[in-house]
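Visitor: I would like to learn how to read the features of a model like this one. Could you walk me through it?

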Amino acid sequence: MRIGFGYDSHRFAEGRPLVLGGVMIPFEKGLAAHSDGDVLIHAIIDALLGAAALGDIGSHFPDTDEKWRGADSTDLLAEVVREIRGAGYAIGNIDATVICEQPKLRPCIDLIRDQLAATMHVGKGRISVKGKTNEKMDDVGAGLGIEVHAVALLDPL
Ligand code: MG
């Protein structure tokens, strides 16, 4: 088996929808990004690519490429999952921690897990997403953005 770790952070921006794990989260701000800013999916993609030693999200979907402007990160994740399978791996499990002061994620976690499981074609029991605050410390604690840490385990097909 192989393990991978992924990290991403984005700062909040006015006038954008907040999308986490492919789910629209009710909140007054979204995340600044070249893509839809789905920081959770970006961290998961890096964990998956890392586990397979296939590079990172930037090498697959460069933010200098107009092709990926406003990209739906769910599509990028589906593409990476195909690539992982093509390299001979099945997804064992994913565990992610989403850190922000606001919004409160607990009411959305189940829906996010459903959506990620559907996109990745795995059972929901293989997908864990946890929300927490940074106890008001540092920039994330000051409410400037969202940070995500994720690990992925891959099994040989
Ligand atoms: Mg990102």
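**Reading the model, feature by feature**

Guide: A search of the whole structure turns up 0 disulfides, a disulfide being a pair of cysteine sulfur atoms within 2.5 Å. Before we go on, keep in mind that this is a predicted model, where local features need pLDDT of at least 70, side-chain atom pairs count only at pLDDT 80 or more, and totals for chains, interfaces and linings use all residues. Residues are numbered from 1 along each chain as its sequence is written, and side-chain values use heavy atoms, with hydrogens and water left out.

Visitor: How do I read a metal site, and which residues coordinate the magnesium ion?

Guide: Donors are N, O and S atoms within 2.8 Å of the metal (3.2 Å for Na, K and Ca); water is not among the atoms, so sites may look incomplete. Here the magnesium ion is coordinated by Asp8 (OD), His10 (NE2) and His42 (ND1), at 2.1 to 2.2 Å. Along the sequence, these donor residues follow the spacing D-x1-H-x31-H. The histidine pair links distant parts of the chain, with histidine 10 in strand β1 (residues 2–14) and histidine 42 in helix α1 (residues 39–51), 32 residues apart. Such helices (H or I, at least four residues) and strands (E, at least two) are DSSP runs, numbered from the N terminus.

Visitor: Are the two histidines buried or exposed?

Guide: Histidine 10 counts as buried because its relative accessibility is 15%. Histidine 42 is at 7%, so that residue is counted as buried as well.

Visitor: What should I look for in a pocket, and which residues lie nearest the centre of the largest one?

Guide: The search runs on a 1 Å grid over the protein atoms alone; a pocket is an open set of points with protein on both sides within 12 Å along at least five of seven lines, and lining residues have an atom within 4 Å of a point. Grid points are joined across faces, edges and corners, and a volume is the space filled by probe spheres set on the points. In this model the largest pocket has a volume of about 250 Å³. Its lining has 15 residues, and Ser35, His42, Ile57, Phe61 and Asp63 lie nearest the centre. The elements giving two or more residues to this lining are β1, α1 and α2 (57–60), and β1 gives the most, with 3 residues. His42 is also one of the magnesium donors.

Visitor: Where might I check the backbone?

Guide: Start with the peptide bond from glutamine 102 to proline 103, which is cis, with omega near -5 degrees. Glutamine 102 lies in the loop between β5 and α4 and counts as partly exposed because its relative accessibility is 49%. Next, look at histidine 121, where phi is near 55 degrees, a positive value in a residue other than glycine. Histidine 121 sits in the loop between α4 and β6 and is exposed, with a relative accessible area of 69%. Glutamate 135 likewise has phi near 55 degrees; this residue is found in the loop between β6 and α5 (138–141) and is exposed, at 63%.

How values were computed
Buried < 20%, exposed > 50% of the residue type's maximum accessible area, 1.4 Å probe, protein only. 1 Å grid on protein atoms, 1.4 Å probe; cavity = no way out; pocket = protein on both sides within 12 Å on 5 of 7 lines; lining within 4 Å.
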